[in-house]
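Subject: Structure handover

Hi,

Here is the structure I promised to pass on. Please open it alongside this email.

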Amino acid sequence: SVPLSFNLIFLDYKSIHRRKYRLQILDFQWLKSLDRRGSMSKQILIVLGILLIFGCADVSKENQLQTGCSGDSESTPENVYVAPAPTPAPTPLSSVVKITAGGTGRLAHTCALLSNGTAKCWGINDFGQLGDGTTSSRNSPVNFDSGVSSVIDIDAGLRRTCAVLADGTVKCWGYDAANVFASGNVSSTTHTYSGFDNETKIDIGSYSACTLKDNSSRCWGRTSGTYSNVLQTVAGTEHICNLKSDKTVSCYGNNPNGEINSTNISNASSISSNGQHTCAVIESGTVECWGLNFQGQLGDGTHQNTSSKEVMNLGSVTKIDTSYYHSCAILSDQTVKCWGMNTSGQLGHGFQSPGNASDQYETASTVIDINGAIDIAVSDSHSCALLSNQTVKCWGDNEYGQLGNKNNNDSLSPVTVILN
């Protein structure tokens with residue numbers, strides 16, 4: 001006779017037809033009532049069970065087999081749980097070869113240059129600085145308008161963005177893009193600057209911009225000039241600095257906080273300037289900074305403005321980027337350290353600091369969850385790292401979507417920039 005109870009595991013035929021393979025378990029305890037003292041053979045009971053299964057069997061929440069048919073052998077059992085379709089995984093921004101960040105305070109945006117010569121931007125767009133032909137802020141990357149392609153360099157500044165194209169021309173958009181950073185005009189469409197050809201690099205500050213061509217640079221705006229025998233030119237608020245061919249650094253412009261006091265720098269491999277301080281990476285792997293230091297952005301353990309001083313607690317550095325209030329560097333092991341203001345979590349330590357200067361980080365400390373960094377970009381209130389897999393992670397303030405992760409929530413630790 002049939003055992004008092006047994007379970008049969010099977011795949012619901014309707015689910016197989018729909019390619020939804022749900023495993024169900026039926027309890028045949030009720031079949032024992034059909035066995036009248038052995039008068040019904042095991043074979044008959046098994047056949048009956050199979051007929052019920054492939055007919056119109058339904059399973060309740062208690063796994064008890066129910067009799068009765070709906071009249072439609074193709075119907076789905078009413079009490080069978082159907083799992084919702086899985087949410088597609090976000091698609092990260094990829095194929096990135098350079099990143100840049102700009103803005104003032106929380107009014108920040110970020111841009112990425114891709115390997116195919118296109119570029120994407122995200123964040124605040126009140127002056128059209130994202131280059132998408134609108135003034136709508138975006139919390140995930142958007143394409144430049146159709147007039148911009150074959151980009152070889154890009155830089156984001158104070159509510160504006162500029163790019164150098166493969167033919168050497170210079171295009172800018174955003175705050176005062178069509179003039180010389182003096183009129184306050186808005187240009188949500190791209191403006192092409194005349195008189196530029198064969199340019200290879202661009203760096204824009206608060207009120208000036210500089211391009212590089214054949215070891216010569218020229219700057220326009222509040223601080224202007226032409227310079228020869230240079231490897232790199234960077235623009236701060238109202239000063240500019242040149243990395244010379246002999247690996248020394250020369251700076252020009254306003255000097256209320258020691259912005260141009262770079263006379264002690266030698267054997268420099270790269271420089272970065274934004275706001276009112278500048279930093280240089282030395283070939284030995286150390287970093288020296290000078291200028292304004294009220295938020296500890298020089299990294300020398302003090303809040304005193306000074307001529308060039310070595311950043312403390314760093315290690316061997318390969319690249320650096322600076323904002324008005326903080327600085328970040330990539331180390332030789334491809335980790336990142338930051339120092340300075342941390343009111344929005346822009347240092348990436350996993351927490352934020354009060355707003356007074358005494359609570360900021362005067363020496364460098366490690367950003368969490370960043371490995372394989374090959375490029376770094378910082379604005380006043382957020383920071384981003386380009387990783388060796390050509391994706392981007394950002395952290396800090398996100399009021400206008402400058403972190404690029406499709407929301408506007410600040411993040412004290414790095415989040416991945418995504419497309420959907």
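Below is what turned up, topic by topic. Keep in mind that this is a predicted model.

**The sheet**

Strands β24, β25, β26 and β27 form an open sheet in that order, with antiparallel pairing. β24 (317–322) and β27 (361–366) are the edge strands, each pairing on one side only. From one strand to the next, the twist averages 20°. β24 is joined to β25 (residues 326–331) by 5 bridges. Across this antiparallel pair, Asp321 stands opposite Cys328 in β25.

**Asn257**

This residue sits in the loop between β19 (249–253) and β20 (268–274). Is Asn257 buried or exposed? Its relative accessible area is 17%. The cut-off for buried is under 20%, so Asn257 is buried. Leaving aside residues up to four places away in sequence, Asn257 touches Gln276, Gly291, Leu292 and Asn305. Asn257 and Asn305 are 48 residues apart along the chain, yet their C-alpha atoms are separated by 6.0 Å. Their side chains also make a polar contact, at 3.2 Å.

**Aromatic pairs**

Searching the whole structure gives 6 aromatic pairs. One of them is Phe127 with Tyr175: the ring centres are 5.1 Å apart and the planes are at 85°, so this pair is edge-to-face. The pair links distant parts of the chain, 48 residues apart. Phe127 is in the loop between β7 (119–123) and β8 (138–143), while Tyr175 is in strand β11 (residues 170–175). Phe127 counts as buried at 16% relative accessibility, whereas Tyr175 counts as partly exposed at 24%.

Tyr227 and Tyr252 make a stacked pair, because their planes are at 25°; their ring centres are 5.2 Å apart. Tyr227 belongs to strand β16 (residues 225–228) and Tyr252 to strand β19, so the pair ties together parts 25 residues apart in sequence. Tyr227 has 15% relative accessibility and counts as buried. Tyr252, at 33%, counts as partly exposed.

There is also a cluster: ring pairs link Phe294, Tyr324 and Tyr325.

**Charges over rings**

- Arg218: its charged end sits over the ring of Phe196, 4.0 Å from the ring centre.
- Arg222: its charged end sits over the ring of Tyr207, 3.7 Å from the ring centre.

Over to you.

Best wishes

Note on methods: Residues are numbered from 1 along each chain as its sequence is written. This is a predicted model: local features need pLDDT of at least 70, side-chain atom pairs count only at pLDDT 80 or more; totals for chains, interfaces and linings use all residues. Side-chain values use heavy atoms; hydrogens and water are left out. Two strands pair if DSSP finds at least two bridges between them. Helices (H or I, at least four residues) and strands (E, at least two) are DSSP runs, numbered from the N terminus. Axes are lines fitted to C-alpha atoms, for helices over the stretch in contact, and angles run from 0 to 180 degrees between N-to-C directions. Buried means under 20% relative accessible area, exposed over 50%, partly exposed in between (1.4 Å probe, protein chains only). Contact means heavy atoms within 4.5 Å. A polar contact is a pair of N or O atoms within 3.5 Å; within protein, one must be able to donate a hydrogen and the other to accept it, and residues adjacent in sequence count only if both atoms are side-chain atoms. Rings of Phe, Tyr and Trp (its six-membered ring) pair if their centres lie within 6.5 Å; planes under 30 degrees apart count as stacked, over 60 as edge-to-face and the rest as tilted. A charge sits over a ring if NZ of Lys or CZ of Arg is within 6 Å of the ring centre and within 35 degrees of the ring normal.
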